[in-house]
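Subject: Structure handover

Hello,

Here is the structure I said I would pass on. Please open it next to this message and follow along; my notes come after it.

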Amino acid sequence: MGETHSLSLRFLKRYFLPSSRQYCEMNDELTDFVPAYVELLERGELAGRVANAYQHLSDCDLCGRYCHVNRHETVQGAVCRTGERAVVYSFGPHHGEEDPIRGRNGSGTIFFSWCNLRCVFCQNWDISHRGAGREVESTELAEMMLSLQEQGCHNINLVSPSHVVAQIIAAVHRAAQRGLRLPLVFNTGGYDSREALALLDGVIDIYMPDMKYGDSRIARKYSKVRDYVEINREAVKEMYRQVGDLVTDERGVALRGLLVRHLVLPEDLAGTRNVFEFIAHEISLQTYLNLMDQYHPCYRADEHPPLDRPISHDEYQRALAMADKMGLHRLDQRQHRYW
Ligand code: SF4
């Protein structure tokens, strides 16, 4: 484990929900950390942010696709197939995320349906490509967030959130007024527009983007997307500008910052060296990195060799060695325990 970034713990209870007994018991050590969106709420700026975000839906530029569809009226032409309301597949505590995200009590995951990418190897294709799930109003989304807090989760983990930025900000506004005090994790495929990230500035505390590819031609072939690398890199730079390196509390639970995910693909289709060079030279050597080894063929991967096989031990070891050579030392280590 590399260098740790900690804030001092204090036993401040000023942000407890008085009625949240379970939450109090499970999170008996609170920090003086205040989520970014609470400050925005207290400055009276969060409501305006909601209105601004919904305006973007009428000529949608909320992700790197730039479909310019009026989502108040139609989903025709919207790659994400999502209109005014978000579609949610599931929500609940999740213990399979990175150590700083799952902590002891789990990450409060909200899994959004549909996606702005079209990866041929998608592990959740029925949710992301077929839209399994149901439409929810922002009021219900806010209830989910508060429920996850009540269950003792360390954060609200927004999975596949790029296309539902407006709905998320609206829900956060409602939930914050009712006592939501957990950091938000923006768990994204990394194809996010600068317009969306401007709306999220001061709302999100933890950005967790994929950096899927180091070559846009490969991205186009396997994720049906243009200029992935250019848009992804601009987005990650902006995320880093907003939140900096990952900071954790004394238990190792993330409070704020950037966590990058990179999935190693067969025959280096992910362009691992290019991705690491970018992180090392243009982001930070303190970047917390999850170098993922779990690739296995899903969805239509069998039609696209070499994606029709898992990665080899050697392929993963080479990626690890490359991270080491570039000086990227904050690698997620699932076997490590903070408690
Ligand atoms: S969120 Fe992205 S994919 Fe969806 S309509 Fe807007 S620009 Fe298109």
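**The nonpolar core**

The largest nonpolar core has 104 residues, and of these M145, V165, I169, L184 and I206 touch the most other members. Helix α7 gives the most to this core, with nine residues. In soluble globular proteins, nonpolar side chains tend to be buried together. Please keep in mind throughout that this is a predicted model.

Which residues is V165 in contact with, leaving aside its neighbours within four places in sequence? They are A53, L62, A196, L199 and L200.

**Strands around β4**

Strand β4 covers residues 156-159. I156 and L158 point one way from β4, while N157 and V159 point the other way. All four of these residues are buried.

β4 runs parallel to strand β2 (residues 107-112), and four bridges join the two. In this pairing, G108 has I156 of β4 as its bridge partner. β4 is also joined to strand β5 (residues 184-188) by four bridges, again in parallel. Here the bridge partner of L158 is F186 in β5. To get from β4 to β5, the chain passes through helix α7 (residues 165-177), and this β-α-β crossover is right-handed.

L117 sits in the loop between β2 and α5 (125-128). Is L117 buried or exposed? L117 counts as buried because it has 27 C-beta neighbours inside 10 Å, and the cut-off for buried is 20 or more.

G190 is 73 residues away from L117 along the chain, yet their C-alpha atoms are separated by 9.5 Å. Leaving aside neighbours within four places in sequence, L117 is in contact with G189, Y191, S223 and V225.

**The ligand**

There are 14 residues around the ligand, and C60, C63, C67, A78 and C80 come nearest. What classes of residue make up the shell around the ligand? Nine are nonpolar, two are polar and three are charged.

**The protein as a whole**

The protein has 339 residues, and buried residues make up 49% of them. Its secondary structure comes to twelve helices and nine strands. Among contacts with a separation of 6 or more, 72% are between residues 24 or more positions apart.

Regards

Notes:
Residues numbered from 1 in each chain as written. Predicted model: local features only at pLDDT ≥ 70, side-chain atom pairs only at ≥ 80, totals over all residues. Near = placed C-beta within 6 Å. Nonpolar A, V, L, I, M, F, W, Y, C, P; charged D, E, K, R; others polar. Buried ≥ 20, exposed ≤ 12 C-beta atoms within 10 Å, placed from the backbone. Pairing = 2+ DSSP bridges. Right-handed = clockwise from strand over helix to strand, strands pointing away. Core = buried A, V, L, I, M, F, W, Y, C linked by C-beta atoms within 7 Å. Contact = placed C-beta atoms within 7 Å.
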